[in-house]
Amino acid sequence: MTREAIDEFRRFQRDKEVNSQLYSKLTVRGKVQVKSSDIQVGDLIIVEKDLFSISAYVYAQKPQMDIHSFEGTFTREDSDPPVHESLSIENTLWASTIVASGTVIGVVIYTGKETRSVMNTSNPKNKVGLLDLELNRLTKALFLALVALSVVMVTLQGFVGPWYRNLFRFLLLFSYIIPISLRVNLDMGKAVYGWMMMKDENIPGTVVRTSTIPEELGRLVYLLTDKTGTLTQNEMVFKRLHLGTVSYGADTMDEIQSHVRDSYSQMQSQAGGNNTGSTPPRKAQSSAPKVRKSVSSRIHEAVKAIVLCHNVTPVYESRAGVTGETEFAEADQDFSDENRTYQASSPDEVALVQWTESVGLTLVSRDLTSMQLKTPSGQVLSFCILQLFPFTSESKRMGIIVRDESTAEITFYMKGADVAMSPIVQYNDWLEEECGNMAREGLRTLVVAKKALTEEQYQDFESRYTQAKLSMHDRSLKVAAVVESLEREMELLCLTGVEDQLQADVRPTLEMLRNAGIKIWMLTGDKLETATCIAKSSHLVSRTQDIHIFRQVTNRGEAHLELNAFRRKHDCALVISGDSLEVCLKYYEHEFVELACQCPAVVCCRCSPTQKAHIVTLLQQHTGRRTCAIGDGGNDVSMIQAADCGIGIEGKEGKQASLAADFSIRQFRHIGRLLMVHGRNSYKRSAALGQFVMHRGLIISTMQAVFSSVFYFASVPLYQGFLMVGYATIYTMFPVFSLVLDQDVKPEMAMLYPELYKDLTKGRSLSFKTFLIWVLISIYQGGILMYGALVLFESEFVHVVAISFTALILTELLMVALTVRTWHWLMVVAEFLSLGCYVSSLAFLNEYFGIGRVSFGAFLDVAFITTVAFLWKVSAITVVSCLPLYVLKYLRRKLSPPSYCKLAS
């Protein structure tokens, strides 16, 4: 209880730290500082700079769980006429958002339990390890044995006199069968395992936040992992540009650079000759030879499309480092390259714009209505942004309409996933094949296309688009229909390939976990294509395996057909989207989970945080196996808390996941050592420790039972209270507890042969079988020790106590030595320390009790214990009680060694 209280207190301190962060709130009196825990709905929170005052109100929908949508209206009353604006998810700032540049004043619309993230977070449960549950079952069995033994004793007495009083006396005499010290030993052991994990130099930065379940790390069968930031670094790198006839990779980017430089210098010279400077670039180049145009102008068009079609904003840090000067830095920008960083909601877009900068065409500034590009020669081109169509998960594409200020040309650019773009672009024979090739390389592909518009075409589109945006019913459908009218017969420019770099050693780690018999499920909010792509590149799905992509299903019939199609597949990975998963679980929960559990790997994409947690719970209910969830963001908290064992990674998405988790690590690869080495050791050690503590109580209870039987079932204690206390503590405690330092295989061996982990999940280290073996050992040894002492004692009963108790202590110390698999110097110290304590306490007990008093209370006759007779009798009894077990252990090692012994040898 004390340990759990400490865990709770630490959690409370962490929460307090987060809730005490200060924010600037705008009030009638100006700016005031408030704690995050005091922010209320309707407050105006400043994320830096500039006060303002308006009279307005916001109407927001009631709190709900859907994180991908928001509907509301903004009405400003102090203007004439009042201004009405529609609000969507685009207008919201999520909690923990960082502002890239400038200033934001936000109205708080949800706080506390009404925020989306909290509504998607489940209440954390108190986690209890499987080993603790197993030990509880064994303790119940021991309690039944205690009652049964006491009843047998009273029955053999013949129920004479006040038999019920005798029954209670026997219950007290045999109460050592119940291992009361088990909990204390185990909890101290768990604290030691946690300390070892945090001190392990191979996994620096590991924090154990829940110290009750370290053994769970050794029993995992399912690992559910997030993708972005967990398996990947969330850092994109541009890898490939494909123009249909020619493809450029990392080693040929300099060719693109020279093509871009040539086409702009050519344009400038032509523009110089033609003083008006209004010649469109395409026409300017038409006089160039045909071959030249085919590659150079196409590269120029492709690069220009990539640098214009995005949602990226270049940000310039103020050199002075004073927040007040940021705006001036933006006003008279020098566009210096080393001072510029790019901000966007998607790291893919940043990678594309950084690449265009590297080949010579640079995005230097952007606001809501315009964009400026810098050519290789330093000339600045201005473009006016007429319309922007943001990326959505339904459309899988984004578009932008721009007007070139120098030529007044209007162009509609579009980029998106190949599935969305292939019906839109003009017929071609290479797109599908090349997309497949790039996906196999693990690249995220985007198709880029364009369409030139006349002024009339654009004006007609704009009027229809504005009308659709103002409609209150089916707004999104009407808007989509208007945009689709433009998306026809677009000119395909290029195909880009971007790589989301995997975290260090993800591939070998996933392979190790797979070899250890752990089934890995990837649950991500990302697109299906991206998720599949990362699953392949990270080797979550091995190269030889097929992938079954579960079709989108919306009703029971479709789900039934698709499940039947999937049932016919063998040994193939499953990829399914969150919507289809929802439908399957609604109608065919049992069948779906059964099929999915047979897959070597499962990828669920477009998952909400609640769905992630739901999947974890389903696996626990249907398989009864132990699950582990690992993630790095706030959207993974529910999943981490629902799993039997939650691991958080401190990443770019903040500390929410690592604070909510049971174990916090720095990198995904650390999970290999955490499970293979620490999980293994924690489970094996606790199993040995638990069974040994039970054995310690059983052996002394057996001796008591034999003693009572010999003396006509008298309910008289064999050893006095002080001996019993000494036996459970100072005489045997250190060697027994030193079992927490034992290990069956070296850490290097456990990492090299992850297959050893499979044995742990079967739970063979602690089962009813091993428990019964320990019970038999206890009965055998207790019987030998007691009968041996009774046979060998001479004239006084005091000698039977001296002989049997000394032999008992020696037997316990030898049994610890028999159980140990790898000796540690502290174990040797513990053995000799306990023996020393016992020998030295003989002198103290002698003074305490007086010498040679012949009674049950007496213990010591110094004259007798220093004789040779005493020593040989004790030695003989100890040898008979321990030697057969040593022989059996040796034979078992020779004839049927466990798998780890074969490796160790």
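Strands β17 (residues 397–404) and β18 (residues 410–416) run antiparallel and are joined by seven bridges. Helices (H or I, at least four residues) and strands (E, at least two) are DSSP runs numbered from the N terminus, and two strands pair if DSSP finds at least two bridges between them. The model is predicted, with local features needing pLDDT of at least 70 and side-chain atom pairs counting only at pLDDT 80 or more, while totals for chains, interfaces and linings use all residues. Residues are numbered from 1 along each chain as its sequence is written, and side-chain values use heavy atoms, with hydrogens and water left out.

Within the pair, Arg 403 has Ile 410 of β18 as its bridge partner. The two strands make a hairpin with five residues between them, and Ala 408 in the turn has a positive phi of about 60°. On β17 there is also a pairing with strand β16 (residues 380–389), antiparallel over six bridges. There, Ile 385 stands opposite Val 402 in β17. Strand β17 is mostly covered, since seven of its eight residues are buried (buried means under 20% relative accessible area, exposed over 50%, partly exposed in between, with a 1.4 Å probe and protein chains only).

A second hairpin is formed by β10 and β11, with four residues between them. Gly 244 in its turn has a positive phi of about 100°. The strands, β11 covering residues 247–248, pair in the antiparallel sense over two bridges, and His 242 stands opposite Ser 247. Strand β10 (residues 232–242) also pairs with β20 (residues 491–502), antiparallel over seven bridges. In that pairing, Thr 232 has Leu 502 as its bridge partner.

Strands of a sheet pair through backbone hydrogen bonds, either parallel or antiparallel. An open sheet with mixed pairing has nine strands in the order β8-β27-β26-β25-β9-β21-β24-β23-β22. Strands β8 (207–208) and β22 (546–549) stand at its edges, each with a single partner strand, so one side of each has no neighbour in the sheet. The partner of β22 is β23 (residues 572–577), paired in the parallel sense over four bridges; Ile 549 has Val 575 as its bridge partner in β23. Helix α18 (residues 578–597) lies across β9, β21, β23 and β24, and runs at about 155° to β23. Axes are lines fitted to C-alpha atoms, for helices over the stretch in contact, and angles run from 0 to 180 degrees between N-to-C directions. Contact means heavy atoms within 4.5 Å.

Another open sheet has three strands in the order β4-β5-β6, with antiparallel pairing. Here β4 (56–60) and β6 (83–87) are the edge strands, each with a single partner, so one side of each is left without a neighbour in the sheet. Neighbouring strands of this sheet are turned by 15° against each other on average, direction ignored. Strands β4 and β5 (residues 72–76) pair over five bridges, and Val 58 stands opposite Phe 74.

Finally, two helices. Helix α22 (residues 670–710) packs against helix α23 (residues 721–728) at an angle of about 155°, with axes 11 Å apart. The two are therefore roughly antiparallel (angles under 35 degrees count as roughly parallel, over 145 as roughly antiparallel, 65 to 115 as roughly perpendicular and the rest as oblique). Arg 696, Ile 699 and Ile 700 in α22 meet Met 724, Tyr 727 and Ala 728 in α23.
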